[in-house]
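Hi,

Here is the structure I said I would send over. Have a look at it first, and my notes on what turned up follow below.

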Amino acid sequence: MVKVAFTGSFYPPHEGHRHVVEQAKLLGLDVIVFVANNPDKKYDMTLAERVDTARVFFGASVVGCELDNIGEAIKENGCQAIVRGIRDQRDYVYEEVITKYNLTRNGLPTIYIPAPDDLKGVSSTAIRAQQYELQNQS
């Protein structure tokens, strides 16, 4: 079975993320979720807490790592490719740059999983903004 890496900060994980993992599994891929700690983002959960949350949410193998070390972590875990979700054209443009980087630097191809229409508007950023609005309504 081919091992693939699914990377992100997963802050929070959402149904779009779950869709990518489920579709990859349907293709017969062994998915390892890599929860990255991005120094440019502020979290109200520790990396360990986000890893625990991801493990429960995805029901898959989960590895926590610093963003700067993610390529090494992926290789250490025997992954042969990276799987990524694509919602729209903007995602594709962004992912194309990352795909070239991962292929050049890490020798890892990327497999794209398109989002179904009902998940195209889902993002962790939007979920956090909605949670913030709900918490500050008083």
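The buried residues of α2 are R50, V51, A54, F57 and F58. One thing to keep in mind as you read: this is a predicted model.

If you look down the axis of α2, those buried residues sit within an arc of 130°, so they line one face of the helix.

As for its dimensions, α2 covers residues 47–58, which makes 12 residues. From first C-alpha to last it reaches 16 Å, close to the 16 Å expected at 1.5 Å a residue.

α1 can be described in much the same terms. It has 12 residues, and it reaches 16 Å between its first and last C-alpha, close to the expected 16 Å. Its buried residues are G16, H17, H19, V20, V21 and A24. After α1 you will find G28, with a positive phi near 85°.

Now the strands. β1 and β2 pair in the parallel sense over 6 bridges, and K3 stands opposite D30 in β2. β2 also pairs with β3, again in the parallel sense and over 6 bridges; here I32 stands opposite S61 in β3. From β2 the chain crosses through α2 to β3, and this β-α-β crossover is right-handed. β1, α1 and β2 make a right-handed β-α-β unit too.

How many residues of β2 are buried? The count is 7 of 8, so β2 is largely enclosed by the rest of the structure.

The loop between β1 and α1 deserves a stop when you have the model open. F10 lies in that loop, and its phi is near 50°, a positive value in a residue other than glycine. Is F10 buried or exposed? With a relative accessibility of 4%, F10 counts as buried, because the cut-off for buried is under 20%. P12 is found in the loop between β1 and α1 as well. The peptide bond that joins Y11 and P12 is cis, with omega at about 0°.

Last, the cysteines, in case you were going to ask. How many disulfides does a search of the whole structure find? It finds 0. C65 is in no disulfide, and the nearest cysteine sulfur, that of C79, is 11 Å away. C79 is in no disulfide either, its nearest cysteine sulfur being that of C65, 11 Å away. For a pair to count as a disulfide, the two sulfur atoms have to be within 2.5 Å. Both cysteines fall under the 20% cut-off for buried: C65 counts as buried at 8% relative accessibility, and C79 counts as buried at 7%.

Cheers

Notes. Residues are numbered from 1 along each chain as its sequence is written. This is a predicted model: local features need pLDDT of at least 70, side-chain atom pairs count only at pLDDT 80 or more; totals for chains, interfaces and linings use all residues. Side-chain values use heavy atoms; hydrogens and water are left out. Buried means under 20% relative accessible area, exposed over 50%, partly exposed in between (1.4 Å probe, protein chains only). Helices (H or I, at least four residues) and strands (E, at least two) are DSSP runs, numbered from the N terminus. The expected span of a helix is 1.5 Å times one less than its number of residues. The arc is that of the directions from the helix axis to the C-beta atoms. Two strands pair if DSSP finds at least two bridges between them. A crossover is right-handed if, with the strands pointing away from the viewer, the path from the first strand over the helix to the second runs clockwise.
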